[in-house]
Amino acid sequence: MDERKLYSYTGIFDTPDEIIHAADAVAGKGYVKYDVHTPYPLHGMDNAMRLKPSKIGYATLVFGLSGAVAALLTLFWMAAVDYKLVIGGKPFFSFPAYVPIIFEVTVLSASVITVLTMLFIFFKLPNNSHPLNSTGYMKKVSSDKYGISIQADDPNFNEEEVKLFLSSLHAKDITPIYYDPEEVNYKHVILQPKFLGFLALVAFLTSGITYFTLNKLMYMVPFNWMDEQAKVIPQQKSAVFADGFGMRQPVNGTVARGQMPFLYNDKPEEAAVNLVNLLLPSKENLSLGETKYNIYCSPCHGYHAEGDSRLRGQFPNPPSLHSEKVKNWTDGRIFYVITEGQNIMPSYATQLTPEERWAVILYIRALQRSLNAKESDLK
Ligand code: HEC
């Protein structure tokens, strides 16, 4: 009697036909814990062994669905809860925009987690030993023979019977395979310190070598003379001036060309009286005003200034610009609103030059007139 623990009985066959026949017979006899080893994949082997489709597909399905749900929730949280931002007038929760990301995350989590599950759960990584490793049997079946191995933990296993059965199939080299003593006592631990150390070493070496290659071996100094030249950048100190500031204030009492300051901050009434539209309602000026109005004002005020915003309720609708109030305002008063904003309407001073603002006002006047055409306008 052998002291060692039996893993399986193996037999060798010479041709693909023989091994398929043998596999069919072994499966037919009711053995379930057995395996076939061939140097290359054999057509018809799945049927002969009566293998059912692998269950790994279910795991993949679960991982894929979890990935999809996780992506959806993340996007929902970011776009509709945590950081709401109107993008192109779309709703915060805009499913079509999420589809590509959800698709990517689904595929990624399904495939990556499936591979990890196979490696760590089914193949029991980091363990890489197996009773069949380094046996004469493995040597043969990995070069030019075909082998079958019936395991001792099969419910129908009986040593004498299996030996007789294999020889009745005309198997050659019928050999018992034993566990290594350390394999018998092996317990599967994924997070072995040795294994983790190995992973860390691989990560360290690959990133270190990549860093060294890209940043030292292959590094070429870029032409960055203009970047590196001596110059004062915004907010920097400078020893040239007595006050130590790099950025300079305009000289007192001067106005830079084209930079006429707006003198009526918080003084709408003074703006209304003192500011006058110097632009003539020429074709060019009206068409400039129309272009700028349509770009900067129409999203909220509507193309005809009736307050019919296109933002679908995401920004409060402004009042109509055809009201008696606005009609009676001077151009200067409207100029004040465009320049300073009014309550929730923001200032458009950075988007529109003063001249463009006056042109927009000409265009608003034309819109107002269009709803109140006089008979003389028809002539
Ligand atoms: C982001 C949306 C938005 C844009 C763009 C916008 N407005 Fe307004 N505007 C408003 C809202 C809202 C009000 C009403 C503010 C309030 O509650 O007083 C308003 C008020 C006004 C008023 C005063 C109306 C009144 O009855 O008090 C004028 C005049 C005006 N806008 C002109 C313009 C012009 C000209 C432009 C383009 C340069 C423009 N707005 C662009 C939202 C906008």
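Around the ligand sit 22 residues, and C297, C300, P318, N343 and M345 come nearest (near a molecule or strand means a C-beta atom, placed from the backbone, within 6 Å of it). Two or more shell residues come from each of α11 (283–301), α12 (324–328) and α13 (331–340), with helices being DSSP runs of H or I, at least four residues, and strands runs of E, at least two, numbered from the N terminus. The biggest giver is α11, with five residues. By type, the shell holds 17 nonpolar residues, four polar and one charged; here Ala, Val, Leu, Ile, Met, Phe, Trp, Tyr, Cys and Pro count as nonpolar, Asp, Glu, Lys and Arg as charged, and the others, Gly among them, as polar.

The model is predicted, so local features need pLDDT of at least 70 and side-chain atom pairs count only at pLDDT 80 or more, while totals for chains, interfaces and linings use all residues. Residue numbers start from 1 along each chain as its sequence is written.

Then there is the sheet: four strands, open, antiparallel, in the order β2-β3-β1-β4 (a pair takes at least two DSSP bridges). Pairing on one side only, β2 (34–37) and β4 (172–178) are the edge strands. On average, neighbouring strands are turned by 20 degrees against each other, direction ignored. Between β2 and the antiparallel β3 (residues 146–151) there are four bridges, and V36 has I148 of β3 as its bridge partner.

Two helices pack on this sheet, α1 and α6. Helix α1 (residues 16–28) touches β1 (6–13), β2 and β3, its direction making about 15 degrees with that of β3. Helix α6 (residues 159–168) touches β1, β3 and β4, at about 10 degrees to the direction of β1. Contact means C-beta atoms, placed from the backbone, within 7 Å; axes are lines fitted to C-alpha atoms, for helices over the stretch in contact, with angles from 0 to 180 degrees between N-to-C directions.
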